[in-house]
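Thanks for coming. I have one chain to go through today, so let me put it on the screen and start from there.

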Amino acid sequence: LLETMQKAGIETRGIVVDDSVFTTLAFVTFSPEGDRTFSFARKPGADTRLSFEEIDCSMLDEASVVHFGTLSLTDDPARTATKKCVEYAKKQGKLITFDPNLRPPLWKTQGEAKQQILWGLSMADVVKISDEEAEFLLLSEYGVRLAMITMGPRGAYLANRNAGAYAVCPAVTPVDTTGAGDIFGGSAVSRLLKIGKKPEELDENELFSIG
């Protein structure tokens, strides 16, 4: 995996390798409509073992945006490491983006998942959330400055306190939608940075252009 990323020109200096645990595996199955179901091999996975002491905080200092999701909040020590990183970055004035990325099999209880998602929402400036995640946890006032809700074949809805906009998508026959939300979220944040305005100041046309 490291070699593949390095060949693609992806920065890998923040990655820590632990030979004592396996890389978590995700298995994705699809319904005839293209909806996904996830199962995982993770007892524990290497992604859950990262500690805050292993993190190079100079990379956070260099960043414009610090992004996190709930997969790193399911178990310690990664949960504590993630929270400390987010808190550190927020104190430095970094833009914090968050993807709830709900995967029920990874949580001991739904209550625990809800608690960690609420924490993520309370820390985030920008949130990318899917329709199923919105159904799990209705949008509320948690200091989020921009919400981006993906809705599968129905496109996406972006909203802040000033305006909202729907972004439609072309009709396609889905084959594998894994990673589609991540691509959408990364592209939207990239366009947000190019516009150069605060998330809460975007108007309807700008929200549409981001989506």
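What you see is a predicted model. First, the chain as a whole. The secondary structure comes to 7 helices and 8 strands. A compact globule of 211 residues would have a radius of gyration near 17 Å, and the chain has 17 Å, so the two agree. Along the principal axes, the C-alpha atoms fill a box of roughly 50 × 45 × 40 Å. The accessible surface is about 12500 Å², and carbon and sulfur atoms make up 55% of that. Of the 211 residues, 37% count as buried. As for contacts with a separation of 6 or more, 58% of them are between residues 24 or more positions apart.

E6 and E7 run antiparallel and are joined by 4 bridges. They form a hairpin with 5 residues between them, and in the turn Gly152 has a positive phi of about 60°. Ala147 has Ala159 in E7 as its bridge partner. Moving on to the next pair, strand E7, residues 156-159, is joined to E8 by 4 bridges, and these two strands also run antiparallel. The hairpin from E7 to E8 goes through 4 residues. In this pair, Ala159 stands opposite Gly164 in E8, and Leu158 has Ala165 in E8 as its bridge partner.

Next, helix H4, residues 110-123. The buried residues of H4 are Glu112, Ala113, Gln116, Ile117, Trp119, Gly120, Leu121 and Met123. As a reminder for reading that list, an α-helix has 3.6 residues a turn, so residues three or four places apart point the same way.

Trp107 lies in the loop between E4 and H4. Is Trp107 buried or exposed? The cut-off for buried is under 20% relative accessible area; Trp107 has 9% relative accessibility, so it counts as buried. Which residues is Trp107 in contact with, leaving aside neighbours within four places in sequence? They are Thr70, Leu73, Thr74, Arg79, Leu102, Glu112, Ala113 and Gln116. For a sense of distance, the C-alpha atoms of Trp107 and Leu158 are separated by 28 Å, and the two residues are 51 apart along the chain.

Asn101 is also in the loop between E4 and H4. Its phi is near 45°, a positive value in a residue other than glycine. With a relative accessible area of 17%, Asn101 is buried, given that same cut-off of under 20%.

Last, the cis peptide bonds. One joins Lys43 and Pro44, with omega about -15°. Pro44 is found in the loop between strand E2, residues 36-41, and helix H2, residues 57-62. Another joins Asp76 and Pro77, with omega about 10°. Pro77 is found in the loop between E3 and helix H3, residues 78-91.

That is what I have; we can go back to any part of the model on the screen.

How values were computed:
Residues numbered from 1 in each chain as written. Predicted model: local features only at pLDDT ≥ 70, side-chain atom pairs only at ≥ 80, totals over all residues. Heavy atoms only, no water. Pairing = 2+ DSSP bridges. Buried < 20%, exposed > 50% of the residue type's maximum accessible area, 1.4 Å probe, protein only. Contact = heavy atoms within 4.5 Å. Rg over C-alpha atoms; globule rule 2.2 N^0.38 Å. Areas by Shrake-Rupley, 256 points an atom, 1.4 Å probe, with all protein chains shown as cover.
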